[in-house]
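Me: Hi, I'm new to this one and would like to go through it with you. Could you take my questions one at a time?
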Amino acid sequence: AQHSGIHVHTGDQSSVQDLERVYAESGAQPFDAIIDDGSHLNEHQIKTLEHMIQHVAPGGFYVVEDIMSSCLRWKANIGAKTEQQNMMVEGTAGCMQTASGQPTIYSRIVEWQ
């Protein structure tokens with residue numbers, strides 16, 4: 001969708017092919033801003049940040065919406081994919097790893113600092 005210079009793209013956050021499609025469809029030019037408001041699964045947030053940060057223009061910014069996914073548990077925003085529609089965001093009280101022991105987006109950001 002397009003509104004006043006804002007372009008919203010949809011796709012599968014776990015797919016580098018979809019992430020590259022978004023970049024290509026946007027003219028293959030650096031973004032002034034990227035706002036990740038996707039599935040909220042930590043692994044998706046990490047993959048998207050690791051792949052898309054290179055496409056932020058100098059002076060631009062990157063936002064991970066709902067970083068609290070590192071610390072809380074709720075139903076992921078997956079859409080209508082039947083095999084995945086009951087996936088849960090697996091944040092834990094410590095915020096540094098998911099319930100399954102994987103790194104959270106928060107722990108990766110702390111690591112990168």
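Me: Let me start with one cysteine: is Cys 71 buried, partly exposed or exposed?
Reply: This is a predicted model, and in it Cys 71 counts as partly exposed, because its relative accessibility is 28%.

Me: And what does Cys 71 form a disulfide with?
Reply: Cys 71 forms a disulfide with Cys 95, and their sulfur atoms are 1.9 Å apart. The structure holds one disulfide, and this link is right-handed, with 125 degrees about the S-S bond.

Me: Which parts does that pair tie together?
Reply: Cys 71 lies in the loop between strand 4 and strand 5 (73-75), while Cys 95 lies in the loop between strand 6 (88-90) and helix 3, so the pair ties together parts that are 24 residues apart in sequence.

Me: Is Cys 95 buried or exposed?
Reply: Cys 95 is buried, since its relative accessible area is 14% and the cut-off for buried is under 20%.

Me: Changing topic, in what sense do strand 3 and strand 4 pair?
Reply: Strand 3 (residues 31-36) and strand 4 (residues 56-64) pair in the parallel sense over five bridges; one of the residues involved is Ile 35, whose bridge partner in strand 4 is Val 63. Together with helix 2 (residues 42-52), the two strands make a right-handed β-α-β unit.

Me: Last one: which residues make the nonpolar surface patch?
Reply: Ile 67, Met 96, Tyr 106 and Val 110 make that patch, which covers about 320 Å². Val 110 lies in helix 3 (residues 105-112) and is partly exposed, with a relative accessible area of 39%.

Definitions and conventions: Residues are numbered from 1 along each chain as its sequence is written. This is a predicted model: local features need pLDDT of at least 70, side-chain atom pairs count only at pLDDT 80 or more; totals for chains, interfaces and linings use all residues. Side-chain values use heavy atoms; hydrogens and water are left out. Two strands pair if DSSP finds at least two bridges between them. Helices (H or I, at least four residues) and strands (E, at least two) are DSSP runs, numbered from the N terminus. A crossover is right-handed if, with the strands pointing away from the viewer, the path from the first strand over the helix to the second runs clockwise. Patches are made of residues with over 30% relative accessible area and no salt bridge: like charges are joined within 9 Å, nonpolar side chains (Val, Leu, Ile, Met, Phe, Trp, Tyr) within 5 Å. Accessible areas come from the Shrake-Rupley method with a 1.4 Å probe; for residues, only the protein chains shown count as cover. A salt bridge is a side-chain nitrogen of Lys or Arg within 4 Å of a carboxyl oxygen of Asp or Glu. Buried means under 20% relative accessible area, exposed over 50%, partly exposed in between (1.4 Å probe, protein chains only). A disulfide is a pair of cysteine sulfur atoms within 2.5 Å.
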